[in-house]
Amino acid sequence: MMWRRLVGLFRRTRIEQDLLDEMNDHLERESAHRQSLGMPAHEARRQARAAFGGVEKTREELRSRHLLTELYDAGRDLRIAARRIGRAPRYALIVVTTIGLATGGAGTVFSAVDGVLLKPLPYQHAHEVVTVWQTKTAEGVLQDDVAVGNYLDWVNELRSFTSLVAANPYAVNLKEQGATEVAEAWTVTEGFFDMAGTQPLLGRTFRPEDFSASAAQAAGDSRPPGVAILDYAFWQRRFGGDPSVVGRTVTMDGASQTIIGVMPAGFTLPEPTDLWLPNVWDESQKVDRFGTYIKVIGRLAPGVSIAQAEGELNALMGRLSEQYPRANSGVGARLIPLSDFVLGKHRALLYVLLCAAGLLVAIALANVAALEITRRA
């Protein structure tokens, strides 16, 4: 009751409209009554308004009366509640603590679930982004790793995607200011961050020349060193969130790498990592169709559905199985929306946690109700 009254204080627009509707209805009925006695319509309306009094004045009076009444009633309810708490402070403490702990725990769980399950992924038009998996039809095997040779054919021949990029997990020994640690990295192909549509928090992402520099470094050339982009959490932990980290040179596996950017919090594509490096394959890797170790992510072209893109992809895989039967016989492909790939098997767990949070609140309320019944018995 008290809550409804408090809420009513902030619903003045609706209340005032109800008052206005009621006054207009009264004027209409009074005017109709006078017209039924033979009075002209305009004169009937004038006399009805005169008999009723000023509309605006009446509205102000009713509004003030309503506000004062609600304030009085709310204050009375608060005083009654305070007296009841004063009579049984321990009981009130138990009730408040029980409900507070339950709602606090439920709120924490909901915040976590909301951040992972309900909010959209932090990528531009994330519904267009899919992961591309290889399948072995005969064995019924679905794997998220792809052969480099197949991926390069996809890039060259598929038209259902505006971009197809690849990433490969990699671990590096990072040394900076005398401290060394093993850092998790993803080596990514050109256009990786452009496909995601996410701008860096600091610095920039990779440019075409960065991949040439990496290739030169791998070949032992003396041209400029390689470059790296940091994950937000790794930047905070390893570099203390220092914004001047952009442009700093560190050592990775004995080679110099210049930090050129930091990605914003929440960017974990394709999976959580410490940093990203440019990826360049040598000629033997480019023709490998047996080793499946890269993850492929693509952005669908406008108006292209997953089913359409998957159909084109499997038609191409059919041709590649004939062209390379030893490696691709019985190999197909499947598209998985990025949201499903990110959540994966955790989606069911998140729903279970959400239901558990609701059950926790229900149990707390049931306990409070049982306590109240016992107290009154």
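In the predicted model, the protein chain comprises 14 helices and twelve strands. Of its 377 residues, 37% are buried. Among the contacts that link residues at least 6 apart in sequence, 74% are formed between residues at least 24 apart.

Helix 6, spanning residues 148–157, packs with helix 11, spanning residues 306–323, at an angle of about 125°, and the axes of the two helices lie 11 Å apart. Helix 6 is therefore oblique to helix 11, and the crossing of the two is right-handed. On the side of helix 6, the contact is made by Asn-150, Asp-153, Trp-154 and Glu-157, while helix 11 contributes Glu-312, Leu-313, Leu-316, Met-317, Arg-319 and Leu-320. By residue class, this contact between helix 6 and helix 11 consists of five nonpolar residues, one polar residue and four charged residues.

Thr-187 is located in strand 5, which covers residues 179–188. Thr-187 counts as buried because its relative accessibility is 8%, a value under the 20% cut-off. When residues up to four places away in sequence are not counted, Thr-187 touches Ala-166, Ala-167, Asn-168 and Tyr-170, together with Leu-277, Pro-278 and Asn-279. With Asn-279, the side chain of Thr-187 also forms a side-chain to side-chain polar contact of 3.2 Å.

Technical notes. Residues are numbered from 1 along each chain as its sequence is written. This is a predicted model: local features need pLDDT of at least 70, side-chain atom pairs count only at pLDDT 80 or more; totals for chains, interfaces and linings use all residues. Side-chain values use heavy atoms; hydrogens and water are left out. Axes are lines fitted to C-alpha atoms, for helices over the stretch in contact, and angles run from 0 to 180 degrees between N-to-C directions. Helices (H or I, at least four residues) and strands (E, at least two) are DSSP runs, numbered from the N terminus. Angles under 35 degrees count as roughly parallel, over 145 as roughly antiparallel, 65 to 115 as roughly perpendicular and the rest as oblique. A crossing is left-handed if the near helix is turned anticlockwise from the far one by less than a right angle, and right-handed if clockwise. Contact means heavy atoms within 4.5 Å. Ala, Val, Leu, Ile, Met, Phe, Trp, Tyr, Cys and Pro count as nonpolar, Asp, Glu, Lys and Arg as charged, and the others, Gly among them, as polar. Buried means under 20% relative accessible area, exposed over 50%, partly exposed in between (1.4 Å probe, protein chains only). A polar contact is a pair of N or O atoms within 3.5 Å; within protein, one must be able to donate a hydrogen and the other to accept it, and residues adjacent in sequence count only if both atoms are side-chain atoms.
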